[in-house]
Structures are given as C-alpha cells and as structure tokens.
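Hi everyone, thanks for making the time.

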Amino acid sequence: MKLEHLLQAYKLNKIDATIKDMSNENERAGVINFANGISASYLLDGEDIVIAMKIFFNCLTVDGLKIQNQLNHVIKVIQVMQNTIMLLANIPQKECNMILEKLGLFDNTFQKRKENKTFRT
C-alpha cells in the first residue's frame with residue numbers, strides 16, 4: 001500500500017497520524033506518530049509503497065496514572081495495531097483479530113513469547 005493511501009485510511013478510521021520523513025540518498029524511510037507514546041517506523045520502495053513497518057508503543061500512558069487514561073491508551077494502541085494489520089495485509093477485521101489473539105495480546109502470553117524469542121540462541 002502506498003504511504004499516502006495508508007495515511008488516508010488511518011484518517012478515515014479516525015486515527016490521527018503525522019509523518020516525519022527521515023529519508024536519505026540510500027533509503028526512503030520515516031516515522032508515523034499516532035499519539036503520545038505510539039509511533040511506527042516505515043520503509044518505502046521506489047514507488048512510495050510501504051514494504052516494512054515496525055510499531056512502537058509505551059505500555060503505560062504518559063497522560064497521568066488514572067485508570068481511564070490507561071484504558072484509552074490501550075484501546076488506541078490496539079486500534080493502531082488492528083488498522084495497520086488490516087490495511088497492509090488487506091484482510092477483514094475478523095482475521096486481524098485472530099492474528100492479534102494468536103500473538104497473545106488477549107491471554108497474557110505476549111510478553112512470554114517475546115521473552116522466549118529474545119533469548120533464543
């Protein structure tokens with residue numbers, strides 16, 4: 001998907017996204033900022049098509065340690081992840097939710113799987 005179309009799709013899905021282009025003569029890349037503590041790096045090919053993307057997010061909100069702020073932050077993180085997967089993979093929400101479930105986001109195994117992957121030799 002072209003970067004321009006990805007940004008339009010985020011806006012259509014009510015996800016604010018701003019871009020910081022960090023391209024140089026060797027590669028075309030940048031950062032998409034979604035909200036405070038949620039961002040993604042991207043890599044483009046010669047035709048402005050996103051060929052790689054990595055999402056970064058803080059687990060805790062930086063807007064104050066109130067439960068409502070934390071819930072809003074987690075919802076925003078899941079929405080960004082869900083929309084990114086749906087848009088880049090061109091799949092419906094049901095399949096995207098299955099992917100998120102298999103990643104372990106809803107049964108508390110995401111961190112365990114991440115640790116196992118990190119320490120493999």
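I'll start with some ground rules, then go through the strands, a charged pair and one threonine.

So, ground rules. This is a predicted model, where local features need pLDDT of at least 70 and side-chain atom pairs count only at pLDDT 80 or more, while totals for chains, interfaces and linings use all residues. Residues are numbered from 1 along each chain as its sequence is written, and side-chain values use heavy atoms, with hydrogens and water left out.

Okay, strands. When I say helix or strand, I mean DSSP runs numbered from the N terminus, with at least four residues (H or I) for a helix and at least two (E) for a strand. Strands count as paired if DSSP finds at least two bridges between them. β2 and β3 run antiparallel, joined by 7 bridges, and Gly30 sits opposite Tyr42 in β3. They make a hairpin with 2 residues between them, and Gly37 in that turn has a positive phi of about 90 degrees. Now the other partner: β3 and β4 are antiparallel too, with 7 bridges, and here Ala40 faces Ile55 in β4. That hairpin has 5 residues between its strands, and Asp48 in the turn has a positive phi of about 65 degrees.

How covered is β3? Mostly: 5 of its 7 residues are buried. Buried means under 20% relative accessible area, exposed means over 50%, and partly exposed is in between, using a 1.4 Å probe and protein chains only.

Arg28 lies in strand β2 (residues 28–35) and Asp48 in the loop between β3 (38–44) and β4 (50–57), so the pair ties together parts 20 residues apart in sequence. The rule for a salt bridge is a side-chain nitrogen of Lys or Arg within 4 Å of a carboxyl oxygen of Asp or Glu, and the count by that rule is 1. Arg28 is partly exposed at 32%, and Asp48 is partly exposed at 30%.

Last stop: Thr84, in helix α2 (residues 67–89). Buried or exposed? Thr84 counts as buried, because its relative accessibility is 5%. Leaving out residues up to four places away in sequence, Thr84 touches Tyr10, Met53, Ile55 and Ala89, where contact means heavy atoms within 4.5 Å.

That's my tour, thanks!
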